[in-house]
Amino acid sequence: MNQFDLYGLRKHFQNQRILLCFNGPISRSLIEELGNALKKYMEAECLQADAITDVFGIYIEMTQNIRHYAARHDYGEHEAEATVVIGTDERGRYLVEAGNRVERADGERLLARVRDLAGMDAAELKAVYKQQLRAPRDEAGASGSGLGLIDMARRSSAPLEADLRDAGAGGTFFSLRAMV
Amino acid sequence: MNDLAVEKTQSTPAITADSASGLLKMEGDSYPENSFEFFGPVMEWVREQLSDKACPLHLELRLIYLNTSSVRAMLDIFDMLEAAHGRGVDVAVVWYYDARNQRVADLAEEFKEDCTFAFEITAEEPD
C-alpha cells in the first residue's frame with residue numbers, strides 16, 4: 001500500500017511549494033486542462049491579471065515547444081514526455097519549469113540561446129522578438145522555438161535559466177525555468 | 001462570399017465575419033497548437049474581402065492571450081490590412097481590452113507600431 005509513499009510525496013510538494021506538476025506523455029488537451037487549472041488557481045489567489053497572463057503564457061509556450069519538438073523529431077510516445085512543475089518561491093513569485101529529452105546538439109544550442117537572451121535588456125529583447133517575428137517561417141522552424149523562448153524571456157521577471165543533463169542512452173534532458 | 005461564425009473554445013477565440021458590413025470580430029484567448037490551420041479560414045476571408053476595393057474591413061478585437069504562433073498569424077492579417085490600406089481600401093482596427101490587463105494593451109501596441117491605418121486600443125472597465 002505504501003509503495004508510492006503518497007504522504008512523503010505530498011510533504012515534498014508542500015515543502016517545495018509546488019502547486020502543480022506533471023510527468024509523462026503530454027497531449028494537447030492535457031496542456032489545456034492543466035493550464036485551465038493553473039489559471040483558476042491564480043484567479044482564486046487574486047493574482048493580478050497581467051501576472052496571470054505571464055505565468056499562463058510561459059506555461060503554454062514551454063509545453064507547446066516540447067510538443068512541437070517531439071513532433072518535429074518523430075519521437076515516439078516515450079520521448080514525447082514532458083516534466084512540468086509550477087510553484088512559488090519564498091517571496092511568492094511564480095516559478096514555471098519544464099523539461100524534456102532532446103538531442104545533445106539541440107540542447108547545447110538552446111543553452112547558448114538562453115544565455116544570449118539572459119544578457120539582453122527589455123529593449124533588446126523586444127528588438128529580437130520583432131526580428132524573429134518577421135523571420136521567414138522555414139528559418140524560424142529550423143532554428144526551433146526561437147520566438148517562444150524570446151516571448152518567455154520577455155514575460156519572465158528574471159533571466160531564463162536552462163540546464164542540460166545526461167539522460168542515459170545517449171540522450172540529454174533539457175530543462176528551462178522562468179519566474180514571474 | 002461566405003461569412004464566418006466560429007464558436008469559442010478554451011484555446012481558440014470566437015470569430016464572426018460579415019462581408020456585407022465588412023466587420024470581422026475575434027474574442028477570447030488564442031493558443032491553438034497549429035495556428036495556421038486555425039486562422040486559415042480567417043485569412044482566406046480577409047483576402048477575399050480586401051480583393052475588392054469597394055469593400056471596407058473593420059476588425060474588432062477582444063483577444064486576450066495569444067501564443068506566439070497566433071501572434072504570427074495576426075501579424076499576417078495586419079500585413080494584409082496594411083497592404084490594402086496602401087491601395088486605398090477602408091481598413092480599421094479597434095482592440096478592446098480589460099483595463100486590469102496591461103499585457104493585452106502592450107501586445108496591441110506592438111502590432112500598432114507597424115501599421116499606418118486607423119488602429120485604436122481602447123480600455124474597457126470590467127463589469
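Two strands pair if DSSP finds at least two bridges between them, and I keep this in mind while going through what is a predicted model.

**Entry 1, a pair of strands in chain A.**

Next I asked in what order the five strands of the open sheet in chain A lie. The order is 1-2-3-5-4, with antiparallel pairing. I marked strand 1 (18–25) and strand 4 (161–166) of chain A as the edge strands, since each pairs on one side only. Ignoring direction, I noted that neighbouring strands of this sheet are turned by 15° against each other on average.

I turned to helix 3 (residues 49–72) of chain A, which lies across strand 2, strand 3 (94–102) and strand 5 (172–179) of chain A, and which runs at about 5° to strand 3 of chain A. I then looked up the largest nonpolar core, which has 69 residues, and saw that A:Val55, A:Ile58, A:Tyr59, A:Met62, A:Val96, A:Leu160 and B:Leu57 touch the most other members. Helix 3 of chain A gives the most to this core, with ten residues. Taking A:Val96 by itself and leaving out residues up to four places away in sequence, I found that A:Val96 touches A:Val55, A:Ile58, A:Tyr59, A:Met62, A:Ile86 and A:Ala178.

How many residues does each chain bring to the contact? I noted 17 residues from chain A and 15 residues from chain B. On the side of chain A that touches chain B, helix 2 (28–44), helix 3 and helix 7 (146–155) of chain A each supply at least two residues, and helix 3 of chain A gives the most, with ten residues. I sorted the residues on this side of chain A into five nonpolar, five polar and seven charged.

In chain B I looked at helix 1 (residues 35–51) and helix 2 (residues 68–86), which pack at an angle of about 10° with their axes 10 Å apart. Helix 1 and helix 2 of chain B are therefore roughly parallel to each other. Among the residues that make the contact I noted B:Phe39 and B:Val46 of helix 1 of chain B, and B:Ala73 and B:Met80 of helix 2 of chain B. By class, I found ten nonpolar, three polar and three charged residues in this contact.

Helix 1 (residues 6–15) of chain A is hardly covered, as the count of buried residues among its ten residues is zero. Just after this helix, I saw that A:Arg17 takes a positive phi of about 55°. The C-alpha atoms of A:Gln48 and A:Arg17 are separated by 20 Å, the two residues being 31 residues apart along the chain.

Definitions and conventions
Residues numbered from 1 in each chain as written. Chains lettered and ligands numbered in written order. Predicted model: local features only at pLDDT ≥ 70, side-chain atom pairs only at ≥ 80, totals over all residues. Helix = DSSP H or I, 4+ residues; strand = E, 2+ residues; numbered from the N terminus. Axes fitted to C-alpha atoms, helices over the stretch in contact; angles between N-to-C directions. Contact = placed C-beta atoms within 7 Å. Nonpolar A, V, L, I, M, F, W, Y, C, P; charged D, E, K, R; others polar. Core = buried A, V, L, I, M, F, W, Y, C linked by C-beta atoms within 7 Å. Buried ≥ 20, exposed ≤ 12 C-beta atoms within 10 Å, placed from the backbone. Parallel < 35°, antiparallel > 145°, perpendicular 65-115°, else oblique.
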